[in-house]
Amino acid sequence: MSKSTVLRSGTTAFHIPFITTSSSFEFVAVLRRQAGKLDAFPEVQVYNNQDDFFSHDLDLVIITSPNTHHYPYAEAALNRGKHVIVEKPFTVTSSEGEKLIALAKEKNLVLSVFQNRRWDGDFLTIQKLLDEKKLGRVVDYESHFDRFRNKLKGNAWREEDQPGSGVLFDLAPHLFDQAFVLFGKPKYLSADIRNQRRLGNTDDYFELRLDYEDGLRVILKAGMLVADKGPHFTIHGTEGSFLKYGLDPQEDALRAGKNPANVPAGTWGTEDESLWGKLTTAGTDGSLNVARVPTLPGNYTGFFENVAETIRSGDHSKLIVKPEEALLSIRAIELARISNEKRAAVLFQ
């Protein structure tokens with residue numbers, strides 16, 4: 001069992017419910033600015049001092065602080081001999097990520113990034129469809145994370161003018177990571193990054209295009225002024241198409257106070273049938289066959305259990321979300337900013 005602790009600022013809705021409902025973890029401490037015990041976990045030690053916190057007997061630190069704090073907190077934890085999970089984005093620069101990777105290797109410690117969207121039910125379903133070649137050779141892949149919020153969110157550091165803020169750092173790590181898992185690194189990247197609401201000084205919209213040597217085109221988009229949302233995923237291939245509306249239900253369930261242990265067995269991460277994706281494929285006679293594809297259950301627990309198993313076994317090759325993969329998304333964000341400034345595609349390197 002790994003003794004786990006959380007460095008936090010604001011919500012840990014996406015972490016505490018999983019480490020407290022798993023036999024692989026013991027939740028023992030928190031570092032935060034506010035004094036006083038956690039109401040839901042009075043047995044957990046709360047620290048306001050970093051040195052005292054890192055002196056606690058623990059194995060794993062989960063960092064959920066603002067993005068600019070990811071690097072210094074992760075560096076401190078690794079130097080104190082702790083395994084580390086960092087909330088996405090990994091870091092705010094690729095050079096910071098490279099230093100953390102080198103330090104984790106030097107200390108022989110597990111370092112991972114919470115790329116939880118790999119465990120979204122719709123993404124797991126798409127992986128299965130592509131593995132089974134249901135669409136043939138994929139030629140077009142488009143993924144959106146759209147919202148409607150036409151005002152700034154009060155007291156939200158993500159909407160303040162600082163490194164690592166804005167929609168690009170908030171949502172592009174998810175979209176890049178999923179695309180890279182499916183298709184690998186592209187040859188070229190082009191980006192259009194904007195402040196559409198004209199509020200504050202951070203970006204609130206992006207469209208990213210990845211071009212691959214085999215002709216595949218990937219479009220990744222996010223915006224804050226999308227009141228009528230289109231498909232979350234649109235994929236076209238030589239043998240058919242797949243369209244999927246709606247987001248994975250795990251996020252809403254967590255915000256509502258649910259977790260894998262307090263819902264009926266077998267229901268966590270399951271999606272309503274009305275949101276199943278539509279698969280259209282070509283028949284041998286030239287006709288088109290349309291079918292609804294049941295969405296596989298989402299399972300964020302899988303991320304945490306994989307980290308726990310990697311720590312227990314000492315076999316770092318078992319780690320699913322490797323820090324080098326998360327670093328690739330940070331490098332992609334840097335290239336996106338360069339492309340946006342140049343108004344041109346850039347070589348992905």
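Gly314 comes directly after helix H8 and has a positive phi, near 75°. The model is predicted. H8 itself covers residues 301-313. Buried residues in H8 include Thr301, Gly302, Phe303 and Phe304. Further along the helix, Asn306, Val307, Ala308, Thr310 and Ile311 are buried as well.

The loop that leads from strand S14 (288-293) to H8 contains Thr295. Thr295 counts as buried because its relative accessibility is 13%, and the cut-off for buried is under 20%. Its side chain makes a polar contact of 2.6 Å with the side chain of Glu271. Leaving aside residues up to four places away in sequence, Thr295 touches Gly121, Asp122, Thr125 and Lys244, along with Glu271, Leu275, Trp276 and Gly277.

S14 also belongs to an open sheet of nine strands with mixed pairing, in the order S14-S13-S12-S11-S7-S10-S9-S8-S15. S14 and strand S15 (346-347) are the edge strands, each pairing on one side only. Within the sheet, strand S7 (residues 138-146) and strand S10 (residues 217-223) run parallel and are joined by seven bridges. Glu142 has Ile219 in S10 as its bridge partner. Helix H9 (residues 323-342) packs on this sheet, where it touches strand S8 (188-194), strand S9 (205-211) and S15. The direction of H9 makes about 70° with that of S8.

Note on methods:
Residues are numbered from 1 along each chain as its sequence is written. This is a predicted model: local features need pLDDT of at least 70, side-chain atom pairs count only at pLDDT 80 or more; totals for chains, interfaces and linings use all residues. Side-chain values use heavy atoms; hydrogens and water are left out. Helices (H or I, at least four residues) and strands (E, at least two) are DSSP runs, numbered from the N terminus. Buried means under 20% relative accessible area, exposed over 50%, partly exposed in between (1.4 Å probe, protein chains only). A polar contact is a pair of N or O atoms within 3.5 Å; within protein, one must be able to donate a hydrogen and the other to accept it, and residues adjacent in sequence count only if both atoms are side-chain atoms. Contact means heavy atoms within 4.5 Å. Two strands pair if DSSP finds at least two bridges between them. Axes are lines fitted to C-alpha atoms, for helices over the stretch in contact, and angles run from 0 to 180 degrees between N-to-C directions.
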